[in-house]
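Subject: A structure for you to look through

Hi,

Here is the structure I promised to pass on. Please open it next to this email, and then read on for what turned up.

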Amino acid sequence: MDVPLSWYLVVAAALFCIGLAGALSRRNAIAVLMGVELMLNAVNVNLLAFWRHVEVVKATLSGQAFAIIVITVAAAEAAVGLALAIALYRTRRTVDVEDVDLMKL
Amino acid sequence: MEYLLTLITFTPLLGVLLVLLVPKDDERTIKNLGIGISFIPLVLATYLWFAYDKGQSGFQFEFIADWIPAINVNYHVGADGLSVPLMFLTALLTTLGLIYSSYTIKQRVKEFFLLFLLLEMGMLGVFMSLDLVLFYVFWEVGLVPMYLLIGIWGQPKDRPQYSAIKFFLYTLAGSVLMLLAILGLYFYHGTFDIVQLSQGLGSEGPLGLVFGGNSALAIAAFWAFFIAFAIKVPLWPFHTWLPDAHTAAPTAGSVILAGVLLKLGGFGMLRIALPIFPEQFKFYCWDVPIIPILALLSIVYGALVCMAQWDLKRLIAYSSVSHMGYYMLGVSAAAAGWGVSSYSDAAAMASNGAALQMFNHGIITGGLFFLVGVIYDRAHSRDLALMDAEGNPLRDKDNKVLPAFGGLGKMTPYYYGIFLVTAFASLGLPGLAGFWAEFFVFRGAFEIMPWFAAFGVLGIIFTAAYILWKIVQYLFLGDFNLERWKEVTHDAKLTDLMTFEKVTMWPLVLLMIGFGIYPTPLVDFFNSFAQKLFGG
Amino acid sequence: MNLGETLRLLSPELLLLFTGLVVLIVDLIWGDEEKKTIWVPTLSLIGLGAALAATILLWGTPPTTVVAMMAVDPFALFFKLIAIGTVMLVTLAAIPYLQDRTPYRGEFYALLVFACLAITLASSGTTLISVYLAMEFLSITSYVLAGYLRNDMKSTEAGIKYFLYGAVTSAVMLYGMSLLYGATGSIYLAEIGRMVAAGGSGLNDLTVVAIVLMLAGFAFKIVLAPFHQWAPDTYEGAPTPITAFLSVGSKAAGFAILMRVLLTALPAFRYDIGWMAFLMALSIISMALGNLIALRQSNIKRMLAYSSIAQAGYISIGFITLVSNVQGSFLGMNGTLFYLFAYLFTNLAVFSGVIAFESATGSTEIADFRGLVRRSPLIAGVMMVGLLSLAGIPGTGGFLGKFFVFGSAIQFNTAQTLTLALVGVITSVIAAFYYLNIVRYMFFEPADEDAQPVVVTTPVKVGLAVTTVGILAIGLYPQPFIDLATQSIQMLGMAF
Amino acid sequence: MTETFFNLTWLIPLFPLAAFAIIVLWTNRHRLLSTWIAWIGIGLAWILGWIVFFQAWGGFEELTPPTHKYPVPLFSIPTGTTSLNLGFQVDTLTGVMLFMVPFVCLMIFIYSKGYMNYGTKDVDPRYSRFFAYISLFACGMLGLVVSDNFLTLFVFWEIMGLCSYLLIGFWFDKTYPDPKRITPKEAGLKAFLTTRVGDVIMLAGMLLLYSQVGSLTFSDVFSQETLEQLAHTYAWGNVPWATFIALLFFGGAVGKSAQFPLHVWLPDAMEGPTPVSALIHAATMVSAGVYLVARSFPLFVAVEGGSQLAVVAFIGAFTAIFSSTIAVAQNDIKRVLAYSTISQLGYMIAALGIGAYVAAVFHLITHAFFKALLFMGSGSVIHGVEHGHHHSHHHATGPEGHEEEGEFDANDMMNMGGLLRRMPVTGWTFIVGALALTGIFPWAGFWSKDEILADAWKTFQEGGHFGVTANWGFFVWLLLTIAAFLTAFYTGRQIFLTFAGKPRTAAAEHAPESVPSMTWPLVILAAFATLLGLAGTPWANQFFEMIGESAVILGERLAHGEFNLVIALVSSGVALAGWVVAWLIYGFRPLTVPVDPLRRPLGPIYTLLENKYYFDEIYQAGIVRPAIRLAQACYTFDDKVVIDPIVDGVGRFGRWLSDWLRRAVDNPIVDGAVNGVGRVTTWFGEFMRATQTGKVQNYLLVAAVTVFLLVALYVFRTYLPDWLSALGLG
């Protein structure tokens with residue numbers, strides 16, 4: 001009745017790719033941040049699936065712990081990201097990453 | 001006694017620190033201090049000259065101490081017949097350069113003296129080093145002050161910044177390859193020690209064949225060393241940094257460049273490349289004679305370029321290419337004769353000649369650069385002919401080039417006399433120092449590689465041509481034309497040599513004449529070195 | 001392990017944490033802006049100094065693990081030294097720099113201390129979790145610091161770019177970590193190491209993909225090409241002391257993590273197409289690209305960014321070519337550590353000069369450095385020493401760093417490593433060109449007519465002096481530093 | 001006693017050297033003092049030289065090989081395990097040279113005081129320097145003859161080269177309105193460079209000799225074993241080392257003694273002050289070449305019948321006749337003498353070439369005296385004419401008789417005439433010199449020249465020494481006899497144009513006799529030119545005894561050159577014929593206009609001769625200009641192509657590359673490559689900058705692609721074989 005590991009992995013990989021694609025293609029900084037969140041969630045799926053299927057001593061809960069930490073960190077990251085986006089908006093009135101190219105070459 | 005070499009080398013560093021403490025506006029103190037300090041290594045080097053026992057081969061005044069024990073790098077210094085005269089030369093030219101500069105350098109005096117002394121330390125260090133890492137460190141240490149000397153005090157119209165960086169990068173490019181080769185030697189033989197390497201290698205030596213007989217590696221390492229040294233020498237086609245650097249540098253800088261820095265390369269050939277890689281060196285001098293061919297090209301090409309050159313300083317710079325070609329020919333012959341017992345004397349003579357060429361070229365071309373400085377200080381021009389905008393000489397209706405000076409022989413007889421001695425020494429006139437070097441180089445070469453030697457002697461004719469035709473004739477002969485002088489120099493005053501200029505030149509002139517008449521004391525040094533390398 | 005012992009072993013981290021908090025609180029409650037300007041950084045420096053002392057006192061402790069996921073071993077202690085040293089010097093330089101640029105100076109110092117703490121944690125993490133956590137800690141503080149000057153368009157841009165790039169690469173790295181966890185079923189690096197050593201072929205694919213993905217994250221921190229592109233923009237835009245911090249501290253942290261993870265968890269994947277080959281490729285690209293692009297820069301911070309990319313390439317050589325079974329001192333990795341140590345002083349010397357200059361003039365254009373030797377011989381002199389050290393001229397620490405890493409490449413003696421060495425020396429000649437270009441401006445070009453002397457404040461003088469002494473000491477008497485580096489490559493659980 | 005003086009021989013060159021040093025360093029502002037120092041220097045050398053000579057004359061047995069002990073080493077230079085010993089020696093050849101050189105030099109020194117206008121108002125400002133130079137010159141020649149080895153010989157040889165450069169170009173500020181006319185500075189340069197060509201060849205020979213023998217000391221090189229060895233080892237093919245080295249030495253002699261084809265410098269050397277001409281052409285430099293061949297004569301004869309002697313004989317004889325034809329059409333009084341000198345040196349060389357060693361040396365000595373006399377006489381004439389010119393110039397009134405300053409040529413014989421009356425001492429001594437030169441009985445030239453001709457004839461009759469074939473003897477005799485006719489002709493022409501008839505210009509009309517310090521040396525030398533031949537008369541051939549003694553080394557005692565009356569009569573007859581023809585053309589009806597009567601009848605031949613067979617032009621076009629062009633090409637290559645970075649950057653680089661690929665050889669490969677690398681580097685940097693767009697997502701894309709590529713690399717590397725085999729391709 002178990003869902004095979006590979007299913008989880010495929011889902012996670014898909015999620016990761018969607019997130020990456022979003023991060024690479026969206027012009028809005030907030031949307032990019034959302035892409036990153038998707039990627040992190042893909043990681044979480046992976047971690048839990050591996051914990052369920054691979055980890056030898058499941059009592060250590062390391063996969064789960066890792067996932068929880070990732071979620072926490074993601075939140076912190078998002079906070080900083082948003083703060084930076086706001087700072088950006090305040091100086092330029094835009095959060096469009098395409099426009100953030102004051103420095104190049 | 002074992003601290004003598006250390007003392008010689010690091011006294012200039014002490015001078016640097018002392019000069020650093022003097023406020024920069026107190027130029028008089030800086031000058032006196034700098035010159036005074038520079039006399040210490042000179043006196044000590046003179047003492048070294050006489051204290052050195054020429055009868056004994058091997059290193060004297062040797063001193064060894066741990067420096068970086070983790071990688072077996074030692075502070076290992078010593079002097080032999082090759083290094084003693086060169087150390088003396090370095091100390092002498094530095095002192096003379098400082099004396100000359102104390103009258104001619106008008107701005108940023110403190111920096112100048114500081115850098116000059118630092119430069120001296122680097123050069124002296126190279127000559128005393130018996131450890132490859134130590135050698136390398138000193139080798140590169142001299143680069144920076146020279147770079148700054150050229151860049152800061154060069155004449156704006158000579159593109160000093162370009163020349164300085166060109167000089168720096170060229171040398172650096174050569175030496176980084178050498179660094180790889182040094183490391184390679186270390187990993188194969190476990191030591192950076194030049195003495196151990198040069199005596200322990202070989203089929204019977206305790207260290208075995210170089211790179212354990214791996215010929216590809218040995219050849220690569222040899223070329224790495226060789227090119228590093230060839231750039232400094234400079235051997236055609238690695239010479240192109242030289243005319244720019246020599247032309248752009250301030251007078252004393254050119255003197256040191258030509259007088260000593262080029263010798264670092266030559267010294268490296270004889271101290272490292274030849275003793276450590278004799279088989280490889282021999283192979284490329286004898287079986288596949290690339291090196292002698294390059295030497296000949298240097299001789300002839302350098303001389304030809306001189307003949308078409310109108311900028312006096314640049315001309316003399318190119319003459320260094322030609323002259324050091326003789327040096328290289330001598331080394332090639334010595335290398336080709338290495339290990340052949342019937343050639344042992346010929347090889348020793350070729351090597352003596354090459355070493356003599358280093359020393360003599362140092363005093364002669366050093367002197368010539370001083371003398372160029374003399375005319376430049378007065379006329380603010382070094383062009384031998386009146387030039388048009390494109391840098392071609394102007395001609396009169398008979399298609400004769402219009403000289404920019406001419407007739408100085410009559411106006412400034414003292415200058416003329418000193419210049420003549422130096423110029424004739426440079427073209428190898430017997431009775432002056434330059435001759436003996438050429439004589440012994442060709443003596444060795446004629447026995448070992450006669451065809452190359454035969455081709456090389458042609459250079460002597462070209463040399464005479466450009467020195468007498470280009471330099472002496474355009475500068476000193478002919479009629480002095482006051483109108484033209486005023487036009488060229490914007491009303492500068494023409495005076496004969498001043499006292500400080502005489503003081504600078506006389507030691508060099510005396511050496512040229514002295515070693516021209518009686519070269520034995522000098523040859524004794526080099527012979528004791530050559531005996532060690534080629535004897536038996 | 002009793003609590004006292006644990007506290008002792010964690011004393012540097014704890015001291016840093018404490019310092020950071022104290023600085024924050026003091027800044028919050030102290031009203032006197034005048035005095036705060038001096039006393040807050042002083043406080044921070046005192047705390048950092050205490051942490052430094054604690055680190056030194058821990059020297060000689062046998063390698064051990066604390067709180068299950070942190071190693072206290074010479075390797076970690078070495079990086080703690082580097083981190084604390086870097087932050088101390090950056091703090092010194094920051095004092096005049098922040099003067100007119102932001103009113104919120106206290107937090108800046110606190111964040112720097114926290115970033116330092118993050119590096120110390122990163123250097124000692126022994127599990128995937130602690131490694132990730134430390135890295136994110138470092139990243140987040142750095143994002144904030146890079147974008148610290150909120151009203152400066154360049155600074156905010158630097159912050160947001162750094163953030164976006166960092167967030168994505170850290171997600172990628174994390175994905176790799178999850179795969180590694182999946183392949184071995186453990187988050188403990190040492191355990192992973194045992195598993196991969198014993199593993200079968202199915203494991204291979206997953207692990208190699210994991211390595212590549214993780215490398216993206218590490219290379220981002222180290223600034224190895226082609227994961228470098230954020231660096232020039234961020235370096236240019238960030239407050240210059242932060243640029244200095246990023247180029248030294250953050251890079252060192254990246255190296256610490258890279259080495260620990262790869263050596264304890266993945267030694268079995270070194271050869272064939274393992275991480276050695278990948279790193280080699282990155283190193284060569286970094287050396288070539290960084291140096292070549294640096295040639296054309298007109299902004300000194302940007303140029304130093306590219307220089308830092310190239311230096312990352314050099315530093316990696318030692319690690320790539322590390323060996324453990326050789327008598328003598330060319331162990332490769334000690335070269336990397338030695339180089340990092342020299343690089344700390346070298347790069348900070350240059351940056352201290354740049355910061356001092358920028359504090360006084362507000363410019364970071366290379367052309368504005370012309371005639372600096374007349375305006376401030378001290379800055380010009382120190383910067384020259386630093387630049388020469390970056391170029392690898394003998395007599396400086398930078399030379400011996402290169403000497404060691406090229407030496408190990410030659411000692412390794414395969415065609416690939418010889419290529420590394422060759423590319424290394426050739427690009428270092430190119431590098432000399434742009435380093436000397438600055439020297440050229442400082443020494444050869446005349447200053448503007450109306451140029452004023454550049455005033456150097458005491459803290460910066462201290463920084464300049466310390467770095468210069470450091471460069472020359474390492475360059476001229478390297479023995480103790482070599483010993484330090486050689487001892488420091490001992491790493492808890494290193495499995496080969 | 002003998003030994004004491006022989007041991008002091010090495011001091012001889014040092015006296016003038018000391019004089020040189022003292023004048024240059026200290027007394028150059030005091031003219032009289034400088035003069036005296038130079039005189040004392042050469043005077044001491046003369047005294048010591050004659051003491052040595054007379055002792056050698058008296059006791060030359062001591063100096064001959066088995067017993068002689070006068071190679072004396074002075075110092076040595078280490079050469080590996082061996083060393084190179086340098087010192088001095090005395091043998092009969094040295095002795096004879098020491099008779100001639102210092103004495104002639106002394107005469108010239110004394111003469112110089114007057115010639116350089118001491119005491120008059122237009123005293124040359126470099127007066128002292130002149131005496132310094134000639135002292136050094138004397139040192140060079142004296143050092144050369146006392147050397148015991150080739151190396152010091154070469155050193156002094158080159159010192160003379162230096163001095164000739166300095167002295168010929170002594171009036172280096174002189175310019176002429178005619179741009180074609182060679183100026184002193186150019187003449188000096190020409191002399192130095194031309195002889196340097198010979199010197200380099202000689203240096204090569206010397207170095208090869210040194211390589212072969214291991215020593216340069218004469219006694220080592222000319223030992224019997226060494227010569228055997230050199231004769232029987234081969235440089236290549238069947239050319240023995242002895243032949244090859246001898247020919248190289250001869251190259252040096254050709255340069256120094258101005259033999260064809262390196263003769264071109266000598267006539268132009270007339271640009272120097274006249275005493276210099278006398279020094280160079282009579283006493284010193286040019287005879288050094290002959291001396292060298294004589295000195296290394298053992299080497300020339302080491303190979304029996306080798307080609308080296310034939311070359312020497314041919315060059316000598318050819319030069320003798322070749323240059324005397326040129327002399328016929330010269331108007332410059334000194335140039336005539338210059339060509340005459342070349343011709344006479346040809347006599348000596350040719351004599352050596354047929355093995356007439358003693359005769360050659362004898363002619364060398366006598367020639368030195370009378371040629372010095374002639375040169376100084378011509379100097380006196382020029383001096384007089386110049387004074388006359390000044391005089392008439394100051395007093396001339398009206399347009400006629402007024403000549404443009406600078407255009408008047410005091411050397412031109414067309415401007416003279418009738419000077420015998422104005423300058424009797426000069427005139428009569430000049431005539432004595434001329435008689436000696438043309439070999440009129442009983443003047444010195446007769447004896448020496450006759451000895452050469454007799455030896456040549458004898459060679460023809462009986463075959464010569466050292467395997468010289470009879471035909472060579474005839475060839476040499478014939479050419480030299482014709483040359484004797486020409487010699488007499490042009491000498492007669494000179495005498496008649498200069499001294500006979502009526503003055504053709506105001507200058508000649510007012511020419512005064514020279515001062516005593518100039519005329520006395522002429523008189524003394526005239527006496528020697530008259531009497532010296534008696535030392536070598538066939539009846540009491542003292543000279544032969546002495547020199548022949550040193551020729552014992554040659555392994556074969558030279559036969560006495562027998563007096564051959566027929567030959568003597570033939571040569572005398574030829575010489576007289578020459579005088580007569582000259583008289584018929586120039587003396588019988590003295591010229592009134594400055595045009596040579598031969599110009600019209602000889603037509604183009606005269607032009608050819610007047611222009612010295614166009615040798616200068618040929619060398620200019622064939623050697624000098626190509627060399628300069630080559631130099632220019634190298635310079636352009638180096639300066640324009642190599643050093644300057646090519647401005648157009650990539651575009652030009654691309655063209656360069658395609659060019660290079662097309663013709664890979666003759667392009668600037670050397671440093672263009674270096675700058676090329678620089679350009680490529682820069683270009684690459686630019687390109688990479690373009691990827692730095694400033695947009696963070698582009699950066700991330702690069703990162704993602706990199707990750708993808710690395711994974712792909714792994715996958716392909718690991719699985720590609722499997723896939724290929726799955727597709728049936730493996």
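Let's start with one residue. Leaving out residues up to four places away in sequence, B:Leu117 touches B:Pro12, B:Gly15, B:Val16, B:Val19, B:Gly34, B:Ile37 and B:Ser38. Touching, or being in contact, means that the C-beta atoms of two residues, placed from the backbone, lie within 7 Å.

Before going further, some ground rules. This is a predicted model, in which local features need pLDDT of at least 70 and side-chain atom pairs count only at pLDDT 80 or more, while totals for chains, interfaces and linings use all residues. Residues are numbered from 1 along each chain as its sequence is written, and chains are lettered from A and ligands numbered from 1 in the order in which they are written.

**Chain B**

You will find B:Leu117 in helix 4 (residues 109-128) of chain B. Helices (H or I, at least four residues) and strands (E, at least two) are DSSP runs, numbered from the N terminus. Is B:Leu117 buried or exposed? B:Leu117 is buried, because 26 other C-beta atoms lie within 10 Å. The cut-offs, with C-beta atoms placed from the backbone, are 20 or more other C-beta atoms within 10 Å for buried, 12 or fewer for exposed, and partly exposed in between.

Helix 3 (residues 83-104) of chain B is largely enclosed by the rest of the structure, because 20 of its 22 residues are buried. Its end C-alpha atoms are 31 Å apart, which agrees with the 32 Å that 22 residues should span at 1.5 Å a residue. The expected span is 1.5 Å times one less than the number of residues.

Helix 18 (residues 433-448) of chain B reaches 24 Å from first C-alpha to last, close to the expected 22 Å. Helix 18 of chain B is mostly covered, with 16 of its 16 residues buried.

**Chain D**

Strand 1 (residues 71-79) and strand 2 (residues 82-89) of chain D pair in the antiparallel sense over eight bridges; pairing requires at least two bridges found by DSSP. One of the bridges joins D:Ile77 to D:Leu84 in strand 2 of chain D. The two strands form a hairpin with two residues between them, and D:Gly80 in the turn has a positive phi of about 70°.

Next, look at helix 21 (residues 470-499) and helix 25 (residues 565-587) of chain D, which pack at an angle of about 35° with their axes 7 Å apart. Axes are lines fitted to C-alpha atoms, for helices over the stretch in contact, and angles run from 0 to 180 degrees between N-to-C directions. The residues of this contact divide into 16 nonpolar, six polar and one charged. Here Ala, Val, Leu, Ile, Met, Phe, Trp, Tyr, Cys and Pro count as nonpolar, Asp, Glu, Lys and Arg as charged, and the others, Gly among them, as polar.

**Between the chains**

Which chains share the most contacts of the five pairs in contact? The answer is chains B and D. Their contact takes 42 residues from chain D and 51 residues from chain B. On the chain D side, helix 7 (184-213) is one of the elements that give two or more residues, and the largest share, 13 residues, comes from helix 7. That side has 27 nonpolar, nine polar and six charged residues.

Chain D also meets chain C, with 20 residues of chain D in contact with 25 residues of chain C. Helix 31 of chain D supplies the largest share of the chain D side, eleven residues. Chain A and chain B, however, do not touch, and their nearest C-alpha atoms are 25 Å apart.

Enjoy exploring!
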